[in-house]
Every structure is written in structure tokens, then in C-alpha cells.
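Subject: Handover of a structure and the findings on it

Dear colleague,

Please find below the structure that I am handing over to you.

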Amino acid sequence: MDEEISSDSENESADPNRKQQENEDDEIEETPQEKKLRLAKLYLEQLREEEDKRAEQESFEADLIAGRLQDDVLEQKGKLQRLIAKELIAPEPAEIRLMRGHKLPVTCLVITPDEKYIFSASKDCSIIKWEVESGKKVQKIAGGRKGTEARHVGHTTHVLCMAISSDGKYLASGDMNKLIMIWDPTTCKHLYKLKGHRDAVSGLAFRRGTHTLYSASHDRSIKVWSVDENAYVETLFGHQDMITGLDCLSRERCVTAGGRDRTVRVWKIAEESQLVFHGHEGSIDCIQLINEEHMVTGGDDGSISVWTVNKKKPVSTVKQAHGSHGNTGLEQPYWVSSVAALHNSDIVASGSHNSAVQLWKCGQGFRGLEPLFSVPMTGFVNSLKFSNSGKFLVAGVGQEHRLGRWWRIKEARNGIYIIPLKRQAQEQEVVQ
């Protein structure tokens with residue numbers, strides 16, 4: 001029995017050897033050349049599959065990049081106009097938030113590039129940093145009394161204008177006391193003062209993608225500063241009256257509104273030249289660029305005008321944009337105290353003291369302005385700014401005009417209003 005069992009086990013142990021030999025025989029059937037050829041074919045097949053996948057991915061990416069590049073080229077040329085106005089719907093009054101903290105009228109405001117915070121400044125000389133989401137006051141740079149300039153860190157007169165760099169590194173503010181102050185927006189720490197203007201600083205703008213600051217003043221000049229180096233660069237002259245507003249995008253040029261000299265000027269800094277435009281019948285009080293080639297202005301003649309840098313007269317004008325007030329036969333148009341534009345789009349907003357912020361749609365190629373809807377708001381709308389994404393519009397409101405005390409609206413509240421800009425597509429998603 002033992003022997004038989006052992007013979008079986010021998011057979012079993014022999015079996016794997018036999019299988020191994022059979023396998024080796026199979027392998028021998030394939031010559032080295034054939035093996036090489038087979039492996040080469042496999043490798044080529046893999047390569048082909050990978051190439052196909054890569055080609056698909058690249059074509060998808062190329063389409064994306066091509067679209068983006070096309071937008072960039074149009075943006076640089078000043079011809080990009082995203083048609084958003086048709087999707088916008090008026091917000092409900094309950095959705096508009098009021099943030100109060102200033103004792104006197106709000107004169108100007110800026111939104112940080114990440115859209116998380118808003119800085120507002122006022123005739124009470126203070127600057128407040130607000131959180132957009134919660135609506136809470138994050139920090140306050142208190143204003144000081146006149147005569148305390150030597151020891152007070154901050155403004156001691158009305159703050160008229162503010163600007164923030166496109167990377168959010170610097171905040172600049174200008175006041176009636178001829179000073180420009182540079183702050184760190186994150187900590188609200190004072191960095192330095194820029195002195196040089198001979199009258200109130202009325203307009204500030206950073207060139208996009210740089211730390212070059214342009215400032216405009218009631219002394220009729222524009223100054224160029226390098227904020228990184230805390231240095232003055234040059235002064236530009238040309239306006240015949242106090243400059244009321246200034247704006248700039250990524251080109252080495254800025255646009256200004258010249259108040260009662262009734263001109264809009266485009267300053268080509270590198271070429272040391274300027275273009276002069278005429279169109280308003282009264283003082284031009286505010287200006288904003290829509291894109292590199294187009295801008296919108298508002299004046300105390302009650303009109304809003306859209307301009308292109310290629311024409312000396314406005315492309316389109318709306319007279320009495322906010323209506324008129326006064327006794328019959330002595331009607332005066334409501335002054336347009338602020339304008340804003342959503343960059344590279346067809347949406348423009350304007351503010352006055354007729355209890356409403358008006359939104360407008362620019363026609364194709366920026367020809368024509370049609371009213372979209374108005375947002376009720378009591379008081380002087382002294383400043384308007386769209387967020388970069390176009391999700392909301394912020395209005396700085398006060399009981400008085402930012403440049404004077406011609407009227408006082410007692411029932412108005414000094415503060416900033418956040419107006420959500422809803423689109424129809426979003427509404428439909430909510431309904432579904």
C-alpha cells in the first residue's frame with residue numbers, strides 16, 4: 001500500500017514538470033523575432049490609444065484657451081461686450097441690505113478683488129471695512145479732528161475718493177486736505193502718505209496688474225505715483241477746472257472728468273499726449289470706464305453719456321436720466337452724482353437723489369442706453385461700484401452730496417446698500 005501511494009505521489013510531482021515542458025514548447029514555437037514584433041505592436045497600440053486620448057484632451061483645452069484668448073484680445077482692444085443685461089431681473093426690496101456705521105454721508109467705496117470685503121469712506125473722515133457675507137463691520141479707521149494731523153493716524157477732513165490695487169495689496173484714500181494715504185487692506189495698517197497736490201484729492205485709480213497709482217485733484221492736475229517705492233513719478237496738466245473723477249484699467253492711460261470745463265480727457269501717459277472730448281452742458285461730476293475703449297459719464301445737467309475713445313462726441317446720451325424737480329417752468333434736472341459700469345459688459349448704473357438707483361442696458365457696440373430697472377433708495381447716491389463677478393452692486397448713500405451741502409435729505413440714512421443682481425437663469429433653477 002505504501003509503495004502504491006508513493007508511486008501516485010511521484011506521478012503527481014511529475015505532472016507539473018510535464019506542464020512546464022509543454023509551456024516551454026509553446027514558448028519555443030514563438031521565435032525571438034516574432035516576440036519582438038508582437039511586443040512592438042502592443043507598444044504601438046498603447047501609444048496610439050494614449051495619443052488619441054491626449055489629442056481629445058488637447059483639442060478640448062485648445063477650444064477653452066482659444067475662447068479665453070479671444071476674450072483677452074477683445075478686452076485689450078476694448079471691444080469685449082458680454083451681453084448680460086437681458087438676463088438681469090430687479091431685486092426685491094427685502095433682498096437689499098443696508099450697512100450703517102458712518103455718522104455723516106458716505107462719499108466713496110471700493111470692493112476688494114476677492115469680493116469678500118467693502119471699504120467705505122465718509123465726510124466724518126473715517127474708513128470702515130465691512131464683510132460682505134455677514135454685513136458686519138470688521139474694522140474702522142477713525143477720523144480725526146482738524147488740526148490733529150501731526151499726531152492722528154488717518155484722515156482729518158472729508159475723504160473724497162478711494163482705490164484698491166487689483167491684487168488687493170494696497171488701499172489708497174484721498175481727502176480734502178490734499179493728502180493721499182496708503183493702507184494695507186488686510187490689517188488696515190497705515191503705510192504712508194503721498195503729498196504733492198495743492199488742493200483736494202478727488203479721484204484715485206490703480207492701473208490694473210500694477211501698483212502704479214493715478215490721482216486727480218481740484219488743483220486741475222493728475223499725478224502718477226509708484227506705490228511700491230513710495231515715490232512720485234510725474235504730473236499731467238490740461239484741465240481748465242477742478243477734476244471731479246478719474247478711472248483707469250490695464251492700459252497705461254487714464255480718463256478724467258473735468259467738472260465745469262465740460263471736458264472728458266483720455267491721458268496717454270507713455271506718449272505724453274491727451275485726447276479731449278466735449279458733450280455735457282454742465283459740470284461733469286463722475287466717470288467710469290466700461291472697457292478699454294468705452295466710458296460712461298454723468299453730470300449736473302442730469303444727463304448720462306457713453307463715449308468711445310475714437311469719437312470726440314458721446315456715442316449716446318440720455319437727458320434728464322433721473323427726471324427733474326422744482327416748480328412748473330422752473331424745473332431742474334436731478335444731478336447725476338455717480339455712475340458705475342460692469343467691466344466688459346452691457347450694464348451701466350447711475351445714481352442721483354431722486355430716490356432711485358437706475359440700471360441701464362448699453363446697446364450693441366455701446367450705441368444707445370435703455371433703462372433696465374430702478375432700485376428704490378432715499379438720499380444722495382454718492383458712489384456706485386459693481387463687484388468684479390457682477391453678482392452685486394454697492395451704493396454709498398448720504399443725506400448730502402459728496403462735494404457740498406446744497407440740499408439735505410433728512411429721511412435718508414448714511415450707509416452702504418448691497419444690491420444683489422439676480423439673473424433669470426438662476427431664478428429658473430430655483431423654480432425647478
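Among contacts in the chain between residues at least 6 apart in sequence, what percentage join residues at least 24 apart? The figure is 48%, where contact means heavy atoms within 4.5 Å.

The model is predicted, so that local features require pLDDT of at least 70 and side-chain atom pairs count only at pLDDT 80 or more, while totals for chains, interfaces and linings use all residues. Residues are numbered from 1 along each chain as its sequence is written, and side-chain values use heavy atoms, with hydrogens and water left out.

Overall composition

The chain contains three helices and 32 strands. These elements are DSSP runs numbered from the N terminus, helices being H or I of at least four residues and strands E of at least two. Of the 432 residues, 49% count as buried; buried means under 20% relative accessible area, exposed over 50%, and partly exposed in between, with a 1.4 Å probe and protein chains only. The accessible surface of the chain is about 22400 Å², and carbon and sulfur atoms account for 47% of that surface. Such areas come from the Shrake-Rupley method with a 1.4 Å probe, and for residues only the protein chains shown count as cover.

Strand β7 is joined to β8 (residues 171-175) by five bridges, and the two run antiparallel. V159 has D175 of β8 as its bridge partner.

Six bridges connect β29 with the antiparallel strand β30 (residues 392-398), and F386 stands opposite L393 in β30.

The surroundings of R97

R97 is found in strand β2 and is partly exposed, at 31% relative accessibility. Leaving aside neighbours within four places in sequence, R97 is in contact with V132, E133, S134, G135, I416, Y417 and I418. R97 and V132 are 35 residues apart along the chain, and their C-alpha atoms are separated by 9.9 Å. A polar atom of the R97 side chain lies 2.6 Å from the backbone oxygen of V132, and a polar atom of that side chain lies 3.3 Å from the backbone oxygen of E133.

A covered hairpin

In strand β11 (residues 201-206), six of the six residues are buried. Five bridges join β11 to the antiparallel strand β12 (residues 212-217), with V201 opposite S217. The hairpin of β11 and β12 has five residues between the strands, and G209 takes a positive phi near 80 degrees there.

Loop residues and cysteines

Two residues other than glycine have positive phi values: Q320, near 45 degrees, and F366, near 65 degrees. Q320 lies in the loop between β22 (316-318) and β23 (324-325) and is partly exposed at 44% relative accessibility. F366 lies in the loop between β27 (356-362) and β28 (369-376) and is buried at 1%.

E293, in the loop between β19 (284-289) and β20 (294-299), is buried at 13% relative accessibility. The side chains of E293 and R251 are joined by a polar contact of 3.0 Å. A polar contact is a pair of N or O atoms within 3.5 Å; within protein, one must be able to donate a hydrogen and the other to accept it, and residues adjacent in sequence count only if both atoms are side-chain atoms.

The count of disulfides is zero, a disulfide being a pair of cysteine sulfur atoms within 2.5 Å. The closest cysteine sulfur to that of C248 is in C254, 6.3 Å away, which is too far for a bond. C248 is buried at 6% relative accessibility, and C188 is buried at 11%.

Yours sincerely

Notes
Two strands pair if DSSP finds at least two bridges between them.
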